[in-house]
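Good morning, colleagues. Please bring the structure up on your screens, and I shall take you through its local features one by one.

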Amino acid sequence: MDAFVPFAAIAASTLFILSLMWMSHPSTARRGVRAGEIGMVIAIIGALVQHEVVDYNLILIAMVAGAAAGIPMALLMPMTAIPQRTAISHAFGALAVGLIGAAEYYKHAHAEYAGSFVLWALMFEMALGFLTCTASVIAFAKLQEIMGSRPVSFPGQRIVNGAVALGALVIAIMLALDPTQTWLFPAFVALALLFGILLVIPIGGADMPTVIALLNSYAGLAASAMGFALGNKLLIVAGALDGASGFILAVIMCKAMNRSFANVMFGGFGNVVAGVAGGKDDRVVRSASAEEAAMQLENASTVVIIPGYGMAVAQAQHKVSELYQALTKKGVDVKFAIHPVAGRMPGHMNVLLAEANVPYEQLVDLDDINPELPQADVAVIIGANDTVNPSARDDPKSAIAGMPIIEADRAKSVFVIKRSMNAGFAGIDNPIYYNSNTQMLFGDAKDMVGSIAKELSGGSGLH
């Protein structure tokens, strides 16, 4: 069995790399998921057959407990809850890393290990693991709306954050240099856990896609550091892949919002900006019915559908697919405009539309769709808000100024499907609702889109 362990490490690492490569495109994404699953099974088997394992009783208990939590999460949580599931999965993984690090620390809490590489690696991975755990729990709570999605701030917040981080760093250095000071270890863990909370509470819901990607990176780096501490090459490779991919994704998300990491992590994005909605009561809001929308869509040549988080909340993706099919049967050219940060995690809209069998070829990125929008007869916004807000383009004082948007307001006609006039995650009003070419379709996105699709399919005799 000893010969199998290095083989398992090489095979699993190769499959993990291929998995990331294949998941970069929808046509090979399923193959990528399967490769990742097989790689993980091989990695687990390789870990279980190592000669260091002398008793499987506790391992089996842990596996049963993990399966008891994981299987219901996979089967019962809807596709719309993928962001929350991702966040809580990060929390579990990071907690596992932190707890293993704690066990290894007490194993090495002897004078002969003072200043050793293993202790430095353990301090690093535990700091990242514990802070990622609580940060991911807060992200989950905000996404699940257990707590408010708006930033939480207080006077001297950055000073407090800096003090907590500095305290954890100082104790980590002291423990690495003298691991026998075990009485300091609980304080180190507590400060790391606290810093994770303080790190995420000032971040608004609009930035959750970037936060999730960044936490994914933290969890991967923690796992890689644990691999160094344990001498586990597979863990080093897998953690590095996870950390690098998460970081790259976070960079892409920041670029998509035209913002820096510092602005995301410390900018308090999502606070209600005083005065941004001033005078909105004096502006005219035009509303329409499903029948009126269906009639205009039927007479259009080109239609651009812009999905947002409201589509996910209403679980309207299948009705959106029906609308797409009804329009294409009538010869209408339909495209879907996808903003990189639409929804609550990267690729959220892509996943939902793929689940509803919308052809991937019809999904168009922000940069490619914007030049086409002035020629589009109708733009249909389904639950999107900040990603179509013209203030980002036109108002330099706006909280989202400079963020690239889908320029739906430049279409010849715009329909906005929305429950109410409430602001999005950024907490600011959207001028597109009051434009002369905009008509609001108030109601549940699933019901409204379904009604429009039914009208187009002949429900009311349209011709």
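Predicted model: local features only at pLDDT ≥ 70, side-chain atom pairs only at ≥ 80, totals over all residues.

Asn357 is located in the loop between helix 14 (348-355) and strand 3 (363-365), where helices (H or I, at least four residues) and strands (E, at least two) are DSSP runs numbered from the N terminus. Its phi is positive, about 65°, although Asn357 is not a glycine. Most residues other than glycine have a negative phi. Asn357 counts as exposed because its relative accessibility is 64%; buried means under 20% relative accessible area, exposed over 50%, and partly exposed in between, with a 1.4 Å probe and protein chains only.

Residues are numbered from 1 along each chain as its sequence is written, and side-chain values use heavy atoms, with hydrogens and water left out.

Gln315 also has a positive phi, about 55°, although it is not a glycine. Gln315 is placed in the loop between helix 12 (309-314) and helix 13 (317-329). With 40% relative accessibility, Gln315 counts as partly exposed.

I turn to the aromatic residues. How many aromatic pairs does a search of the whole structure find? The search finds eight, a pair being rings of Phe, Tyr and Trp (its six-membered ring) with centres within 6.5 Å; planes under 30 degrees apart count as stacked, over 60 as edge-to-face and the rest as tilted. For Tyr105 and Tyr106, the ring centres are 5.2 Å apart and the planes stand at 65°, so this pair is edge-to-face. Tyr105 is buried at 0% relative accessibility, whereas Tyr106, at 44%, is partly exposed. Tyr105 also pairs with Phe185, and that pair is stacked, at 4.6 Å centre to centre and 10° between the planes. Phe185 is buried, at 4% relative accessible area. Tyr105, Tyr106, Phe185 and Phe188 form one aromatic cluster.

Let us stay with helix 7. Its 16 residues should span 22 Å at 1.5 Å a residue, and its end C-alpha atoms are 24 Å apart, which agrees; the expected span is 1.5 Å times one less than the number of residues. Among the buried residues of helix 7 are Phe185, Phe188, Ala192, Phe195 and Leu199. An α-helix has 3.6 residues a turn, so residues three or four places apart point the same way.

Next, the nonpolar cores. Which residues touch the most other members of the largest core? Of its 40 residues, they are Val303, Ile305, Leu323, Phe336, Ile382, Ile417 and Ile452, where a core is a set of buried Ala, Val, Leu, Ile, Met, Phe, Trp, Tyr and Cys residues joined through side-chain atoms within 4.5 Å. Helix 17 (residues 445-459) contributes the largest share of this core, six residues. Leaving aside neighbours within four places in sequence, Ile382 is in contact (heavy atoms within 4.5 Å) with residues including Ile305, Met311, Val320, Ile417 and Val449. Another core, of 28 residues, lies apart from the largest one and has Val97, Ile138, Val200 and Ile203 among its members.

Finally, the charged side chains. The whole structure contains 10 salt bridges, defined by a side-chain nitrogen of Lys or Arg within 4 Å of a carboxyl oxygen of Asp or Glu. Arg419 is bridged to Asp444, with the closest N and O atoms 2.7 Å apart. This bridge links distant parts of the chain: Arg419 lies in the loop between strand 5 (414-418) and strand 6 (438-442), and Asp444 in the loop between strand 6 and helix 17, 25 residues apart. Arg419 is exposed, at 57% relative accessible area.

Arg393, Asp394, Glu407, Asp409 and Arg410 are linked in a network of salt bridges. Within it, Arg393 meets Asp394 at 2.8 Å, N to O, and Arg410 meets Glu407, with the closest N and O atoms 2.9 Å apart. Is Glu407 buried or exposed? Glu407 is buried, at 16% relative accessible area, whereas Arg410, at 42% relative accessibility, counts as partly exposed.
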